[in-house]
Each structure stands twice: as C-alpha cells, then as structure tokens.
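Me: I have a structure open and a few things to ask about it. Can we go through them one at a time?

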Amino acid sequence: MGMRLDEEFGADRVLQIETDDEENEAHDTIDGDDDDDDTGSDFTSHSPQAPFLGAHDSPTWPQSYRKSMDMFTGVTPPSLSFLKGSSLLSSAYMRSQNPTPQHSLCKPLISSQSLDKEEVPTLNPSKLSIVSSALYSAPELPPSEQCSYTQSVLNAVNALCGIGILSTPYAIKEGGWCSLFLLLLFGVITFYTGILLKKCLESSPGIETYPDIGQAAFGLLGRIFIAIALYAELYSSCIEYLIMMSDNLGALFPNSHMEFAGIHLDSYQMCAIISTLVILPTVWLRNLSLLSVISAGGVIALILVVICLLWVGVINDVGFHPSGTALNIAKLPVTIGLYSFCYGSHSVFPNIYSSMKEPSRFPSVLFISFSIAFFSYLGVAVCGFLMFGENTNPQFTLNLPAKLVTSKVAAWTVVVTPLTKYAITITPVAFGIEEFLPSPQLRTYGVSILIRTLLVFSTLAISLSVPYFGSVMSLIGSSLVMLVSLILPCACYIKLSKDRITRFQLGACSFIIVVGLVSAVIGTYSALTSMA
C-alpha cells in the first residue's frame, strides 16, 4: 500500500517542452492579439513582453503560488490530497511530451504521467501564463472558480483584518495619540499600492500573481526575490500565531509549569509546545478545504473579540479613562511597524483580482475593505487605550480581567483562530520548498510530512527564542510589509510603465519608496534592539 501511494505521488510530476509548432502558434496568436488590443487599454497594448517570453528568463518557481494562495485567501477552497496522483499542480490540461531535466527552479512541483489518451483542450493564447508563454510549459492549473463582487470584498476584508488589530491600542501607548495619523497614512499608501498592483496585472494577459509581476518587471531574479519575500512574510506570520496562542493560553493557565528531564518549562514555554503539538496534525491533512472555509471566518472571530473588548469597557465597568501623551518620538519606530503590519495583505491581492468575475471593480473592493479595516483598527486602538492606558499590553486580550467570562471568550477565540489559519498559511511555504526536490523518489507523502513538520518545529524554536509579540510584529511590519506592500509595488509599476508614467505617478511612487525605505530601516533597527 505504501509503495503504491509513493508511486502515485511521485510519478505525478514532469516537465513538458512545447513543440516548435505549438510555440510558434502561441507566439503568432499573441502577436495577433496585440494588434487587436489597440482598442483596449493603453497599458496592455504597450506592455513589455520580453521579460517573460524568453526561453531562458521563464522560471516556473514558484509554480504552486497561485493555487496555494487562493486557498490561503479563502477565494476558492481547493481539495488538496497529498495521497492521490491528482494534486496541486497536476491536471488533465497538461501537454504530453517527453520530460527533459532542467534547473531545479524550472522543475514543477508535481509532474504528470503521459496523457496520451486524454483530450487536451486548446489554450486561449490571451490567457497564457508567463510560464506557458515560453519554451518550458509548466502544468496548466484547472481554472479557479470566480468570485462575485461580495465574495471578493469579504476575501479582501478577511485578508486585511487580522491579528494586527490586537496591537493597535499598544501602538498608541508607544507612539502617542498623534501616531494615529500614521495609521491613516499607511492605509492610504497601501490602498494606492494595491491599485498599482492591479495596473501591473493588467500590463500583460499572462500576469496573475505577485511573482509574475516581479518577473515581468525584473526578470528571473525579480520573480525569485519577490517569492522569497512573500514566503518569508507567511512564515513569520506563523511565528506570530504561535506566540499569540502561547501568550493567551499562558494567561488562561498562569500557574501551569512542567519539569522534564531536569528542564523547567514555565507557563509560556509549556503552552507553546502544547500549541505546536495541537497544530501539527493540521499541516498533515490531506484535504485542507474545511480549514480554508473555516479560516475564511476570521472576520467573525475578529468581530467577536472586538465585542468582548467593548463589553468589558461598557458593561463590566472597566470604563474609559483619557491618558497618554500626544507624541512619543523615541517609541515611534515601534508604532510604525505595528501600523504597517495591519495593512500587509498585498501578497494575496493579485489572487483576489484574478479570481473576480468583474476585475474592473477591484478598486472599489479595495476601497471598501481598506475603509472597513481602517475604522476597525482606529476604533479598537482608541477604545483599548482609553480602557487600559499606560498598562496596555501588546495584545489587548491580555489586559482583560481574567475573572470575567467575556475575557475568557476573547482569549479562547484568539487561541482557536490560529488552529485554522496556521496550516493554510504555512502550506504555500511548504509547496515552494517541495518544488526544489530533485528527484521523483523524494516526492513522497512521507517527505511532504517531514518538510511540514520541520517548518512547524522551526517556528516553535523561534517563538521560544523571541517570545515578544509586539516586537516581532513590529519587525515584520517594518521589514517585510514595507517591502511587499510599499516598495515593490511602486518599483514594479515604474519599471513596467516607464514609457507612460506621468510625473505625478512617478513622484508619488518615488515618495512611497523613500517612505518605505526610511521606515524599514528605522523600524527594523528599533524592533531588533527591543528584542536584545
């Protein structure tokens, strides 16, 4: 039975090479489409094709990004079975040719056996991906189910409104009341850069994901650099999930401790290990559809926690007490990182855009979702700080009176939420690593479990070494979010539209890049020194 599973899983990955006729036909059709597009968008008709039409500038890594991120956003919960031949990157839409060994970056995660008996539908050249436009033809993914306008708004809100809301009161404590201007400023800037990502996606019909944008703008290195940054952001989010779970479990069971082999484990350490062991089986699941659907309910969990906060402040007589300083320059870098973390969802915006039935309405999706996120963050920040003042913790749930039922509901909600989000968040990282496996013999279910297990325990090791929720969040916001959500969208847009960009757009993008770089340097340094 085990050998059969390994054979099915391992033999399901192969790299295909287009025939000359297929390649020429695709290129001829694309050229024809360019002529037809004269009546369409100026951006599209003048877009640079060279970066991804070359045979040697078209790496397929990460092939798995689109589908795994669709699952992460809750756009279309896929059925992912690690024990079946049909998996994330294999489908009946593949061409059947002879495999040719290439560099590991150009190898697909999952190959497919020759489909001589399968009818291969003709691909619409206008929808050719960056990979399939080139010499190397990666497996075509089955088309994702498209989302309505309402679904797209919910997906965007679910992506934006995350665990960052727990630290907004603490951000006021650190930076002062005037720091709320930064919350608005970063909201406006990241909304604008979200629009820039849309324009980058429209620069060519083959661009569907953030790594695609990087390749179109800066070639192979651009694709790889952006992919690494995105995976690092996802991985660091998993570390935050563990710290958050451990902090709140430790608050629920403050007197818990353990002695093991002469090693003393305090409440936080014991809860971190327990949380990891509870999470671990979720990353082994063969089918993540259920977790994807449940994790999409993160907005409901957010609303519940906010209601608990307000309930404690209004009903349980904790009350609201004005306090704090107007501006604290010394602690402002920490606040910069915390606020920027709140808007770090640009890695999934291209997937939300590509999944929409009406992509032209994407700007209004962003406007509604950013407005909801901003006012949610603002309300919680103000109420939380007025309730707890200078005693505000990096997670306001730790300030709620332990004896109250409402406080326990909020704490358990914060503990349970990562159980559904952790596996969905770490899976894209795991798939990206698996694409580097050199031989079919290594592409087995057992190796997949090993990779995921190592990833989980590595996040545990880091969360035990750096158990500072606020500082880690500030570090992620200052470094990775500034890069992914501010600097890279502007850099890619300038590169892709250099012949058509207006002076205002160039000035705005240059200003955002400078703000992102300065904030990244100052915020990262401040976060690192706070952990020392």
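Me: How many salt bridges does a search of the whole structure find?
Reply: The search finds 5 salt bridges. Keep in mind that this is a predicted model.

Me: Which side chain does Arg452 meet in a salt bridge?
Reply: Arg452 meets Glu434, at 2.2 Å from N to O. The pair links distant parts of the chain, with Arg452 in helix H17 (residues 445-465) and Glu434 in helix H16, 18 residues apart.

Me: And are those two buried or exposed?
Reply: Arg452 is buried because its relative accessibility is 2%, under the 20% cut-off. Glu434 is buried too, at 1%.

Me: What about Arg223, what is its partner?
Reply: Arg223 pairs with Asp212 in a salt bridge, 2.7 Å from N to O. Arg223 has 3% relative accessibility and counts as buried. Asp212 is buried as well, with a relative accessible area of 8%.

Me: Where does Lys198 come in?
Reply: Lys198 forms a salt bridge with Glu202, and their closest N and O atoms are 2.6 Å apart. Lys198 is buried, at 12%. Glu202 has a relative accessible area of 25%, so Glu202 counts as partly exposed.

Me: New topic. How many cavities of 30 Å³ or more are there?
Reply: There are 3 of them in the whole structure. The largest cavity holds about 620 Å³ of space.

Me: Which residues are closest to its centre?
Reply: Ala159, Gly162, Ile163, Tyr241 and Lys421 are the closest, out of 36 residues that line the largest cavity. Helices that give two or more residues to this lining include H5 (65-73), H6 (149-160) and H9 (210-252).

Me: Which helix gives the largest share of the lining?
Reply: That is H16, with 6 residues.

Me: What classes of residue are in the lining?
Reply: The lining of the largest cavity has 21 nonpolar, 13 polar and 2 charged residues.

Me: Last one, the surface. Which residues form a nonpolar patch there?
Reply: Trp311, Val314, Ile315 and Phe320 form one, with about 390 Å² of accessible area together. Trp311 is in helix H12 (residues 298-314), and H12 also gives two or more residues to the lining of the largest cavity.

Notes: Residues numbered from 1 in each chain as written. Predicted model: local features only at pLDDT ≥ 70, side-chain atom pairs only at ≥ 80, totals over all residues. Heavy atoms only, no water. Patch = residues over 30% accessible without salt bridge, like charges linked within 9 Å, V, L, I, M, F, W, Y side chains within 5 Å. Areas by Shrake-Rupley, 256 points an atom, 1.4 Å probe, with all protein chains shown as cover. Salt bridge = Lys/Arg side-chain N within 4 Å of Asp/Glu carboxyl O. Helix = DSSP H or I, 4+ residues; strand = E, 2+ residues; numbered from the N terminus. 1 Å grid on protein atoms, 1.4 Å probe; cavity = no way out; pocket = protein on both sides within 12 Å on 5 of 7 lines; lining within 4 Å. Points joined across faces, edges and corners; volume = space filled by probe spheres on them. Nonpolar A, V, L, I, M, F, W, Y, C, P; charged D, E, K, R; others polar. Buried < 20%, exposed > 50% of the residue type's maximum accessible area, 1.4 Å probe, protein only.
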